[in-house]
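Reader: Before we discuss the labels attached to this model, could you set out what each one rests on?

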Amino acid sequence: MCGIVGYLGNKQAFDILIKGLHRLEYRGYDSAGVALVDNNGNLNVYKTKGKVNNLEQYCKDKNINGTVGIAHTRWATHGEPNDKNAHPHYSQSKNLAIIHNGIIENYLTLKTFLISKGYEFKSDTDTEVVVQFIEYIMQSQKCDLYSAVTHTLTQLVGAYAIGVVERNNPNLLIAARKASPLIVGVGNNEYFLGSDASPIIEYTNKVIYINDEQVVKIERGKEIEIHDLKNVKLQPVINEISLSLDDIEKGGFEHFMLKEIFEQPKSLSLCMNGRLNKELNEIKLSAITDFGDKFDKCQRIVITACGTSWHAGLIGKYLFENLCRIPVEIEVASEFRYRDPVILPNDILIAISQSGETADTLAAMELAKKQGAFVFGICNVIGSSVARMTDTGVYTHAGPEIGVASTKAFTTQVAVLVMTALAVAKRKNSIKDEEYHSIIGELSHIEEKINKIFQQVDHIKDISKIFTYAKNFIYLGRGYNYPVAMEGALKLKEISYIHAEGYPAAEMKHGPIALIDEEMPTVVIAPDNTNHLYQKVLSNVQEVKARKGRIIAIVCEGDDGVAKNADYTIEIPKTVACLSPLLTVIPLQLLSYYIAVAKGRNVDQPRNLAKSVTVE
């Protein structure tokens with residue numbers, strides 16, 4: 001969950017590394033550091049607690065020369081966030097420095113061994129153990145850095161993406177990965193390391209995706225070398241990426257999160273482009289065209305994901321069961337991977353991840369594949385681990401999402417699930433043509449309907465200012481909008497630090513109603529006054545009002561039921577039930593955002609969180 005960046009080339013490395021850290025800071029931001037090797041035999045490591053800006057200030061009077069270096073922005077796992085636990089870490093002799101994203105599970109065993117050999121440790125991290133062990137191997141086996149790194153990695157249990165530099169070799173940079181993302185950018189006589197493409201794209205659009213248990217040797221004046229842990233030489237595959245610098249800048253918005261909320265019409269358009277044919281009023285997905293027989297034989301779908309992606313998966317459960325008549329189980333990936341699940345030969349596992357690097361989701365996929373399931377992936381990042389591990393799948397094409405609180409990832413994941421369910425339902429003849437074409441017709445107009453919601457931004461902002469006092473919120477929804485209630489509550493928790501819970505509206509009387517009083521805001525999602533669940537939700541609203549609860553209601557334009565009982569209303573355009581989450585979630589995202597801004601929170605980098613959860 002940390003961000004790593006590296007450089008070897010003909011330019012001074014420091015500015016490239018610092019700029020890269022700023023672009024990776026969404027992955028972790030409790031400390032930052034840089035290591036630089038100059039031509040005078042110096043290996044300088046500078047690191048500080050706090051944000052990358054703190055590191056920049058700290059380095060103003062330091063020797064920052066060097067055309068090779070590594071840098072790191074941290075989300076703490078082992079050891080509290082402070083200067084000594086920040087990366088990079090020196091080896092005992094200070095001849096080596098390392099950066100690391102991941103967790104080494106057997107670090108205590110290795111640390112005990114190294115202490116018995118006279119090694120002393122300056123930090124509480126698992127990462128320092130790795131660099132000390134590399135140095136031990138170099139000294140005991142009298143081998144070079146590359147060989148020592150390769151040997152060390154065979155002894156590690158856990159996840160890692162690492163970069164290592166050596167004091168006496170300003171022409172060498174070693175990197176490797178296992179279960180943590182790592183790419184290499186290929187420039188003109190220069191190479192870049194990154195946890196993702198954001199620190200690289202300014203300099204080159206050519207990248208190499210490093211796979212698990214591969215070691216990279218970057219040596220000045222030579223072609224890049226990649227070997228596996230058995231020292232088998234591999235042929236690097238260079239890919240061109242379409243990411244632009246504008247995609248990862250704020251573009252005039254105060255925060256990335258606000259920009260990404262407003263990008264949702266565009267991201268949904270890109271998501272549906274080439275898949276939704278407006279003229280023919282049909283959905284075409286190559287994944288279903290090529291592997292439709294798997295869904296023909298499928299007796300059960302298991303959806304696994306974490307966080308926001310799990311909420312999208314819950315909507316997917318309703319979609320596949322309602323439209324395709326296939327039974328669906330939805331599992332939190334961290335639970336699925338450890339509970340010895342029953343996987344049947346004709347099961348399909350759908351794994352959902354924005355980053356494509358979510359550790360628990362990847363582990364769940366690996367478990368399902370071992371037990372013979374067909375694995376279908378939904379992710380945003382081309383070339384990510386999820387994309388490479390799946391049998392087939394669909395990219396969301398949401399574009400980069402820098403804000404830690406996910407927004408456009410959710411709506412594009414829901415859109416992919418809608419299109420996939422429609423394609424499967426059409427193939428299985430489980431949907432009537434009239435319903436199939438109605439949903440597609442509504443989906444083709446979803447962008448303009450979201451833009452209509454954006455016209456109420458000032459109204460939502462005014463409502464948000466009223467509720468900055470609240471210490472707790474309850475969100476209520478039914479059917480397709482029960483997962484939206486959970487997602488709205490999660491957004492509020494993540495960025496405003498207000499405790500919030502999402503419930504099925506009917507569950508109010510089974511406990512949560514005890515919390516209702518005049519100080520407790522309740523957000524009610526009731527978008528369709530023709531839906532059979534609407535009257536049920538209206539009854540729940542009246543139960544809240546009878547106990548003096550304050551209600552914010554998300555309703556359709558012209559609503560005259562729930563709206564009459566609410567203290568505040570936010571209107572959305574009407575649409576079919578299965579697409580309503582694409583609209584109802586928008587005001588909830590804006591409500592959370594403006595409450596957090598009014599409370600002075602760091603919206604893009606909320607405390608204790610990181611964007612891509614690459615560790616357990």
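Author: Contact here means heavy atoms within 4.5 Å, and helices (H or I, at least four residues) and strands (E, at least two) are DSSP runs, numbered from the N terminus. The model is predicted, so local features need pLDDT of at least 70 and side-chain atom pairs count only at pLDDT 80 or more, while totals for chains, interfaces and linings use all residues. Residues are numbered from 1 along each chain as its sequence is written, and side-chain values use heavy atoms, with hydrogens and water left out.

Reader: Which residues make the contact between helix 13 and helix 14?

Author: From helix 13, Val-418, Met-419, Leu-422 and Lys-426 meet Asp-433, Tyr-436, Ile-439, Ile-440 and Leu-443 of helix 14. These divide into seven nonpolar, no polar and two charged, where Ala, Val, Leu, Ile, Met, Phe, Trp, Tyr, Cys and Pro count as nonpolar, Asp, Glu, Lys and Arg as charged, and the others, Gly among them, as polar.

Reader: Why are helix 13 and helix 14 called roughly antiparallel?

Author: The axes of helix 13 (residues 408-428) and helix 14 (residues 433-443) come within 11 Å and cross at roughly 160°; axes are lines fitted to C-alpha atoms, for helices over the stretch in contact, and angles run from 0 to 180 degrees between N-to-C directions. Angles under 35 degrees count as roughly parallel, over 145 as roughly antiparallel, 65 to 115 as roughly perpendicular and the rest as oblique, and the pair is therefore roughly antiparallel.

Reader: What makes helix 7 roughly parallel to helix 13?

Author: Helix 7 (residues 264-272) has an axis that comes within 9 Å of that of helix 13, crossing at roughly 30°, and that angle makes the two roughly parallel. Among the residues in this contact are Ser-267 and Leu-268 of helix 7 and Ala-415 and Met-419 of helix 13, and the whole set divides into six nonpolar, four polar and one charged.

Reader: Why is Lys-51 called partly exposed?

Author: Its relative accessible area is 25%, and buried means under 20%, exposed over 50%, partly exposed in between (1.4 Å probe, protein chains only), so Lys-51 is partly exposed. Lys-51 lies in the loop between strand 3 (43-49) and helix 2 (52-58); leaving aside neighbours within four places in sequence, Lys-51 is in contact with Glu-25, Tyr-29, Asn-602 and Gln-605.

Reader: Which residues have the most contacts inside the largest nonpolar core?

Author: They are Ile-301, Phe-473 and Tyr-475, in a core of 94 residues, to which helix 13 gives the largest share, 12 residues. A nonpolar core is a set of buried Ala, Val, Leu, Ile, Met, Phe, Trp, Tyr and Cys residues joined through side-chain atoms within 4.5 Å.
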